[in-house]
Amino acid sequence: MDMTIPEIKYEYLDHTADVQIHSWGENLKEAFEQAAMAMFSYMTEIDSVTIRETHEIEADAEDLEGLLYHFLDEFLFLFSAEPFQIARKVEITEFDTKNFKIKAKGHGEEFDIQIHPQGTEVKAITYSNMQIHQNPNRVDIFVIIDI
């Protein structure tokens, strides 16, 4: 299993009462993974997270935007339910863009306020202004999270 931490390909854009994540990658898989990592990074200083355990999630939907929503929501649930899991690396293991199904792993550890600086609480993923732009050499994703 490759535990190399990928290059950061996301940023935060100002949005009233929420935050907009802009992630990108060479393909859809990488852009999705970066969006999830951006969400976790907003919750704590991601460099403080050590890869100690792996948790798997699955999501499905009716369309690509729905798949992005449910993918992020599953990882948010992983963090919101005890024990609170925070991922340092997100890895999509199965990505079916025709039937809109996804399986992924979050590699990280249990969130511990003594170790991980508390960032901003993410309350929910939203469909508001969600965008997925697919170009030949780059995919850009914009998603607003409720904080």
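Helices (H or I, at least four residues) and strands (E, at least two) are DSSP runs, numbered from the N terminus. By that definition, the protein contains 2 helices and 8 strands. The structure is a predicted model, in which local features need pLDDT of at least 70 and side-chain atom pairs count only at pLDDT 80 or more, while totals for chains, interfaces and linings use all residues. Residues are numbered from 1 along each chain as its sequence is written, and side-chain values use heavy atoms, with hydrogens and water left out.

**Overall form**

- Read from the N terminus, the elements follow the order β-β-α-β-α-β-β-β-β-β.
- The radius of gyration, taken over C-alpha atoms, is compared with a globule rule of 2.2 Å times the number of residues to the power 0.38. The protein has a value of 14 Å, close to the 15 Å that this rule gives for 147 residues, so it is as compact as a globular protein of that length.
- Along the principal axes, the C-alpha atoms fill a box of roughly 40 × 40 × 25 Å.
- A contact means heavy atoms within 4.5 Å. Among contacts between residues at least 6 apart in sequence, 67% join residues at least 24 apart.
- By the Shrake-Rupley method with a 1.4 Å probe, where for residues only the protein chains shown count as cover, the protein exposes about 7,800 Å², and carbon and sulfur atoms supply 44% of it.

**Strand pairing**

- Two strands pair if DSSP finds at least two bridges between them.
- Strands E4 and E5 pair in the antiparallel sense over 10 bridges. They form a hairpin with 4 residues between them, and Phe100 in the turn has a positive phi of about 55°.
- E3 and E5 also run antiparallel and are joined by 8 bridges.
- Ile102 in E5 is the bridge partner of Phe95, and Ile102 also stands opposite Ala59.

- Buried means under 20% relative accessible area, exposed over 50%, and partly exposed in between (1.4 Å probe, protein chains only). Buried residues make up 47% of the 147 residues.
- A nonpolar core is a set of buried Ala, Val, Leu, Ile, Met, Phe, Trp, Tyr and Cys residues joined through side-chain atoms within 4.5 Å.
- The largest such core has 43 residues, of which Phe32, Phe40, Phe71 and Phe75 touch the most other members. Elements that give two or more residues to this core include helix H1 (28-43), helix H2 (64-80) and strand E4 (85-96).
- Leaving aside residues up to four places away in sequence, Phe40 touches Ile46, Phe75, Phe79, Gln85, Ile86, Ala87 and Val90.

**Aromatic pairs**

- Rings of Phe, Tyr and Trp (its six-membered ring) pair if their centres lie within 6.5 Å; planes under 30 degrees apart count as stacked, over 60 as edge-to-face and the rest as tilted.
- A search of the whole structure finds 8 aromatic pairs. In one of them, the rings of Tyr10 and Tyr12 have centres 6.0 Å apart and planes at 65°, so the pair is edge-to-face.
- Tyr10 counts as buried at 11% relative accessibility, whereas Tyr12, at 32%, counts as partly exposed.
- Phe79 and Phe111 form an edge-to-face pair, 5.5 Å centre to centre with 75° between the planes. This pair links distant parts of the chain, 32 residues apart: Phe79 lies in helix H2, and Phe111 in the loop between E5 and strand E6 (124-125).
- Phe79 is buried at 17% relative accessibility, and Phe111 is buried at 16%.
- Ring pairs also link Phe32, Phe40, Phe71, Phe75 and Phe95 into a cluster.
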